[in-house]
Amino acid sequence: MPSDDARQPPQRYHQRIRVVATLLSGAFALPVLFMFGVTVRELSKPPEPSIYAAPPAPPEP
């Protein structure tokens, strides 16, 4: 039966892989979250009047 010392390096190796995977996923998630925030902010703004739109109709008397 293997001792605990024989099991330690693979466990440490898997822990390092987990840390690297977490950092990489965070690095990819941050730009996605940033673009999502920018998109939500742009959508929440009132629309700007178009220069091609017809002028507003005068109120009826």
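A: **A close look at the salt bridge**

Happy to! The side chains of E42 and K45 form a salt bridge, with an N to O distance of 3.4 Å. Keep in mind that this is a predicted model. In general, side chains of opposite charge can pair when their charged atoms come close. The total count of such pairs here is 1 salt bridge.

How covered are the two partners? E42 has a relative accessibility of 44%, so E42 counts as partly exposed. K45 is also in the partly exposed class, because its relative accessibility is 46%.

Now for the surrounding chain. Its secondary structure consists of 1 helix and 0 strands. Helix 1 covers residues 4-44 and includes L24. L24 is partly exposed, because its relative accessible area is 49%. Together with V20 and F28, L24 makes a nonpolar surface patch of about 320 Å².

Looking at the whole chain, buried residues account for 0% of its 61 residues. Here buried means under 20% relative accessible area, while partly exposed lies between that value and 50%. The accessible surface of the protein chain is about 6,400 Å², and carbon and sulfur atoms contribute 68% of that surface.

To return to your request, the pair to look at is E42 and K45, joined through their side chains at 3.4 Å.

Conventions:
Residues are numbered from 1 along each chain as its sequence is written. This is a predicted model: local features need pLDDT of at least 70, side-chain atom pairs count only at pLDDT 80 or more; totals for chains, interfaces and linings use all residues. Side-chain values use heavy atoms; hydrogens and water are left out. Patches are made of residues with over 30% relative accessible area and no salt bridge: like charges are joined within 9 Å, nonpolar side chains (Val, Leu, Ile, Met, Phe, Trp, Tyr) within 5 Å. Accessible areas come from the Shrake-Rupley method with a 1.4 Å probe; for residues, only the protein chains shown count as cover. A salt bridge is a side-chain nitrogen of Lys or Arg within 4 Å of a carboxyl oxygen of Asp or Glu. Helices (H or I, at least four residues) and strands (E, at least two) are DSSP runs, numbered from the N terminus. Buried means under 20% relative accessible area, exposed over 50%, partly exposed in between (1.4 Å probe, protein chains only).
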